[in-house]
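Here are some friendly notes on the model we discussed. Please read them with the structure open beside you.

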Amino acid sequence: MESLEYYSHDLVAKRPEPGTFLFNQPAHLFLQSEQGWRVYGLRQRETKKTVAQIFFNINKKKVYSPLRAPFGSLELYGNVGPKKLEELFGNIIADLKKLSVNFCQIKHYPEAYHPVATILVHQVLTKFSFRPTAEISSIIPVDQKTFEKKIAVSQRQKLRKSEKRFMVSQVKLTELKKIYDFISACRHERHQSLSMTFTQLKKVVYRFPKSFLLFQVADEQEMAAAAIVIKVSENILYTFYYSHEKRFNRISPVVFLISGIYRYAQEHGFAQIDLGTSMVNGGINRPLLQFKKSIGGQPSNKYIFDRIFP
């Protein structure tokens, strides 16, 4: 087996770097912050092919992966054993100590994305005194089964009611403001808010137009539900924002909405739909988690690793 070598350097905007997930692509990193990025990784000594890589933003004495995104963390592009990852993180820790860092946080992607990588990262980081906490994400596996066969009987009834009244469709990115405003209004009537302003979201969508999808459930007169979906990778869709108006709670058109996203995933070769976490104020929102389970979502740990440096 070809030997591996460690590398690290400050990340500059024009330098190409591999990145499976959208949130780890340099162009996205520099939208999170225009400065402070450093990359650490392992590559094959002869071919210089990267096999493991993590991006950190160093802000004074605090370090984050990511800075402002749903997740960052280590990605694996080949077979890397625990000993090599221990060497990698040993070097990273030594470098962070030289920089007088006093806190480091790594937000990992849902375990279902890459179970092997998650096990290795958890194993190695806890060995290096990182404290893990787990959020719960819900992932719908996309396969040959119809969406209707994956959901609870009660949700099938709501699905049929919505099918009779509305249409679910993908809409053009030019409708981004309309979709955003609708979802924001739905959240507002539930006393909730969105994590990004429209200006912030528009900047990311403008930079990555092929990575964003918009869906709506509507009839000829009105919209009942809508979603902003991100292509996290070539085989994963992430339902970034989605909601429906409260007055439609009895038929829950968001179920019909997810069915349309599921159909899109089937037709375009995606393997998973990430419904996001079910966390509120640091705890699990049980009703939300149960709802996601009732529409085919399978629970998946999404770890956050923290370490305080002495």
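1. Let me start with R45, which counts as partly exposed at 39% relative accessibility; partly exposed here is the range between buried (under 20% relative accessible area) and exposed (over 50%), with a 1.4 Å probe and protein chains only. E5, at 14% relative accessibility, counts as buried. E5 and R45 form a salt bridge, with their closest N and O atoms 3.5 Å apart. The term stands for a side-chain nitrogen of Lys or Arg within 4 Å of a carboxyl oxygen of Asp or Glu. Because E5 lies in strand 1 (residues 4–10) and R45 in the loop between strand 2 (37–44) and strand 3 (50–59), the pair ties together parts that are 40 residues apart in sequence. Helices (H or I, at least four residues) and strands (E, at least two) are DSSP runs, numbered from the N terminus.

2. A word on the basis of all this: the model is predicted, local features need pLDDT of at least 70, side-chain atom pairs count only at pLDDT 80 or more, and totals for chains, interfaces and linings use all residues. Residues are numbered from 1 along each chain as its sequence is written, and side-chain values use heavy atoms, leaving out hydrogens and water.

3. Next, please look at R38 and D95, whose salt bridge has its closest N and O atoms 3.2 Å apart. This pair also links distant parts of the chain, with R38 in strand 2 and D95 in helix 2, 57 residues apart. Both R38 and D95 are buried.

4. How many salt bridges does a search of the whole structure find? The search finds 15. One of them joins the side chains of E87 and K84, at 3.5 Å from N to O. These two residues both lie in helix 2, three residues apart, or about one turn of the helix. E87 is partly exposed at 44% relative accessibility, and K84 is partly exposed too, with a relative accessible area of 29%. Elsewhere, salt bridges that share partners join E5, R43, R45 and K48 into one network.

5. Finally, a look at P82, which is found in helix 2 (residues 82–98). P82 is partly exposed, with a relative accessible area of 31%. What does P82 touch, not counting residues up to four places away in sequence? Its contacts (heavy atoms within 4.5 Å) are L120, Q123 and V124. P82 and L120 are 38 residues apart in sequence and 6.2 Å apart in space, C-alpha to C-alpha.
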